[in-house]
Amino acid sequence: MAEKSISIDGIELLDFYGVANSNFNRICDLFPKLKIVARGSALKVIGTDEEIERLEKRVEALGEYYTKYGHISPSVINQIFQGGLPQAEGNLLPSDVIVYGNNGLIIKARTDNQQRLVELYGQNDLLFAIGPAGSGKTYTAIALAVGALKNREVKRIILTRPAVEAGERLGFLPGDMKEKLDPYLQPLYDALNDMIPPAKLQRFIEEGVVQIAPLAYMRGRTLDNAFVILDEAQNTTLPQIKMFLTRMGRNAKFIVTGDLTQIDLPRKGDSGLKRAVEMLRGIEGIGIVEFGKKDIIRHSLVTKIVKAFDNHEEAQQTEPTKAENE
């Protein structure tokens, strides 16, 4: 009889073993000729060389599946350990699926412009996604980043946004600098929590595989082998956005997202996003997607709210003209 330790690194232990060890018990049932003992992130296996090798290949296949899709279900266990990959999902992601999130959540492009962003990602190293709140531009960008990390296209994800004061001054907020900045970065955490298991995300953050930081922390860095997203770019000045874009290193993907109707800078004319897009439009390797109201996928009222505010702003702009004519 042979004995071997089979590593299950790369799979969250709770996901691998299942609730009340349901997944582990099922694996043991499928390999009755082996004695399998759980040892945390490894399995101690005793049996014939042939059976041990067969189990090891199935565990490797399960790890590959988990890396790609981020979840394990009883049907996945049954199909992988009984001879093949789940037929419903196959080896490749369906064309409209960007990544599989937590608990089998399917994250895919849901509007034409989201799909266009996905398509341009494959053709360009730098993308601009400009549009209103709720259009899914940041969420889609983060999904692309998580997919690239899972597929080992990049080694790390870096998410950043300018810490611009919107109604409150940072100095008056409680806590240290991280605690002051976290509210600005929370939307990025929210998206990641949909796509990466919490324990794994925490480990990624501790190891620097996932980095979330204010834009000022990007100065002086060269970002190689990274997927980098600048969110809320409408709140950057032209020198700031230039500084960010020139951080691009080898094998890097950059996506810049922003909403030109939500500029929080003291002087809206200082925003560098619109000018940067105008200067860079037409350059090979740079893609630009302009989202609109039709892309808003939050509550149906959000579209009506955006439209109402736009109408109000248009009315205000025409009032001075009418007064001058009178």
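# Exercises on a predicted model

The buried residues of α9 are I241, M243, F244 and L245, where buried means under 20% relative accessible area, exposed over 50%, and partly exposed in between (1.4 Å probe, protein chains only). Helices (H or I, at least four residues) and strands (E, at least two) are DSSP runs numbered from the N terminus. The model is predicted, so local features need pLDDT of at least 70 and side-chain atom pairs count only at pLDDT 80 or more, while totals for chains, interfaces and linings use all residues. Residues are numbered from 1 along each chain as its sequence is written, and side-chain values use heavy atoms, with hydrogens and water left out.

## Exercise 1: the surroundings of α9

Find what covers the buried residues of α9, and describe how α9 packs on α10.

Step 1. Start with the cover: it includes β6 (126–130), β7, β9, β10 (253–258) and α10.

Step 2. Now take the geometry. Two packed helices are described by the angle between their axes and the distance between the axes. Helix α9 (residues 238–245) and helix α10 (residues 273–280) pack at about 55°, with axes 8 Å apart. Axes are lines fitted to C-alpha atoms, for helices over the stretch in contact, and angles run from 0 to 180 degrees between N-to-C directions.

Step 3. Name the arrangement: α9 is oblique to α10. Angles under 35 degrees count as roughly parallel, over 145 as roughly antiparallel, 65 to 115 as roughly perpendicular and the rest as oblique.

Step 4. List the residues. From α9 come L238, I241 and L245, and from α10 come L273, R275, A276, M279 and L280; contact means heavy atoms within 4.5 Å.

Step 5. Sort them by class: the contact of α9 with α10 has 7 nonpolar, no polar and 1 charged residues. Here Ala, Val, Leu, Ile, Met, Phe, Trp, Tyr, Cys and Pro count as nonpolar, Asp, Glu, Lys and Arg as charged, and the others, Gly among them, as polar.

## Exercise 2: loops and phi

Decide whether S135, R152 and N225 are buried, partly exposed or exposed, and look at phi for R152 and N225.

Step 1. S135 lies in the loop between β6 and α6. Its relative accessible area is 0%, so S135 is buried. Leaving out residues up to four places away in sequence, S135 touches Q114, F291, G292, D295 and I296.

Step 2. Most residues other than glycine have a negative phi. R152 is not a glycine, yet its phi is positive, at about 60°. R152 is found in the loop between α6 (137–150) and β7 (156–161), and is exposed at 68% relative accessible area.

Step 3. N225, also not a glycine, has a positive phi near 50°. N225 sits in the loop between β8 (210–214) and β9 (226–230) and is partly exposed, with a relative accessible area of 25%.
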